[in-house]
Amino acid sequence: MKRTVLTLIACALSGTHLFTQAQAPAPAAQAPQIEVKKVDGTENVYTFRNQNSQSMFIVTSDGVIVADPVGYGRPQGGAQYLAEIRKVTNQPIRYLIYSHHHFDHIAGGRAFKEAGARVIAHRTARERLAVLNDPNTVLPDETVNDRRTITLGGTVLELIYVGQNHSDSTLVMRLPKERIIFVVDLLPVGQVPGRGMIDFYPMQAEASIKQILSMDWERLIPGHPGDGGRLGTKKDAQDQLTFLQDASAAVKAEAQQGRCWEPVESQLKLPKYASWPGYEANLQFVLRRYCALWGRGT
Ligand SMILES: [Zn+2]
């Protein structure tokens, strides 16, 4: 009896965690689990959404380039993604490119590897994945240090490392002709970042975002659908930078008065951002990260 009660409590708690863990609000209840959309104004760029995670694929005359497999927690997720691509094209899958090493974006790559894709990631991603040895995450075949350009069937895709930011293995993917970038977790579109702040380099992230802002692009495909499912703009990237700078400055002042972790983590507010999705649930994780920086030097 006691055990049943404890189990129920545990389930209730984990349910709460699932709810608050999302970096973006879940799509409307009637939205399908999986959704493929062609990006407006392009001939061959698509977004693929699996629940609350988003990927990109590009169909060329010489094969397909796929970003993150986004099969986390769904053993058939990679195969489902591949099946959706097969509804668009029969071209071979040439590349699978990891945005960074976090499992919630890159689990599920086996189906692509078995279909013949070369798996590419930043050097640090491979080093970390080799140690972690996650059964659902395929190791990269090739790695990138600072930069690599993939040219396939008339499409150019740049893979650019802009340093530590969200994780130490993020690759910015830029389509120069289409003026589109794919950036995961570093630049949530119109939203307050959440638990991903546990692997976040605050100082370096600001420099990374400034570097991304200096690149030539018009639209941003985020790794979680933006507010209302939209793509991002340079204004969104600038807004995210300003949000991080505001959070950093606010916590710095408190931390130097000895107010970290508490009361900052539970009580500090940034009302300017109260209307952003994720504000109530996620602000605590942002404050914790900046408390670590300014309060502990970590
Ligand atoms: Zn991440």
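Let me begin with a definition: a residue counts as buried under 20% relative accessible area, as exposed over 50%, and as partly exposed in between, with a 1.4 Å probe and protein chains only. By that criterion Asp185 is buried, because its relative accessibility is 7%.

Two remarks on conventions. This is a predicted model, in which local features need pLDDT of at least 70 and side-chain atom pairs count only at pLDDT 80 or more, while totals for chains, interfaces and linings use all residues. Residues are numbered from 1 along each chain as its sequence is written, and side-chain values use heavy atoms, with hydrogens and water left out.

I turn to the metal site. Donors are N, O and S atoms within 2.8 Å of the metal (3.2 Å for Na, K and Ca); water is not among the atoms, so sites may look incomplete. The zinc ion is coordinated by NE2 of His100, ND1 of His102, NE2 of His166 and OD of Asp185, at 2.1 to 2.2 Å. Along the chain, these donors follow the spacing H-x1-H-x63-H-x18-D. His166 lies in the loop between strand E9 (155-161) and strand E10 (171-175), whereas Asp185 lies in the loop between strand E11 (180-183) and helix H6 (202-213); the pair, 19 residues apart, links distant parts of the chain. The element names refer to DSSP runs numbered from the N terminus, with at least four residues for helices (H or I) and at least two for strands (E). His166 also counts as buried, because its relative accessibility is 3%.

What is the arrangement of the four donor atoms around the zinc ion? They subtend angles of 91 to 170 degrees, so the arrangement is irregular. As to the terms, four donors are tetrahedral if all angles lie between 85 and 135 degrees; four are square planar and six octahedral if opposite donors are over 155 degrees apart and all others between 65 and 115; anything else is irregular.

Next, the aromatic contacts. Rings of Phe, Tyr and Trp (its six-membered ring) pair if their centres lie within 6.5 Å; planes under 30 degrees apart count as stacked, over 60 as edge-to-face and the rest as tilted. The structure holds seven aromatic pairs. One of them is stacked: the rings of Tyr46 and Phe57 have their centres 4.9 Å apart and their planes at 5 degrees. Because Tyr46 belongs to strand E2 (residues 45-50) and Phe57 to strand E3 (residues 53-60), the pair ties together parts that are eleven residues apart in sequence. Tyr46 is buried at 12% relative accessibility, and Phe57 is buried at 0%. Tyr273 and Trp276 form an edge-to-face pair, because their planes stand at 75 degrees, with ring centres 4.9 Å apart. Both Tyr273 and Trp276 are buried. One aromatic cluster is formed by Tyr46, Phe48, Phe57, Tyr81 and Phe112.

Now the sheets. Two strands pair if DSSP finds at least two bridges between them. Seven strands form an open sheet of mixed pairing, in the order E1-E2-E3-E4-E5-E6-E7. Strand E1 (34-38) and strand E7 (142-144) are at its edges; each has a single partner strand, so one side of each has no neighbour in the sheet.

E1 and E2 are antiparallel and share five bridges, with Glu35 bridged to Arg49 in E2. In their hairpin, which has six residues between the strands, Gly41 takes a positive phi near 80 degrees. E2 and E3 also run antiparallel, joined by six bridges, and Tyr46 stands opposite Phe57 in E3. This hairpin has two residues between the strands, and Gln51 takes a positive phi near 50 degrees. E3 continues to strand E4 (residues 63-66) through four antiparallel bridges.

Is E2 enclosed or open? Six of its six residues are buried, so E2 is largely enclosed by the rest of the structure. Val45, Thr47 and Arg49 cover one side, and Tyr46, Phe48 and Asn50 the other; all are buried.

Finally, five strands form a second open sheet, again mixed, in the order E8-E9-E10-E11-E12. E8 and E9 pair in the antiparallel sense over six bridges, and Ile150 stands opposite Leu157 in E9.
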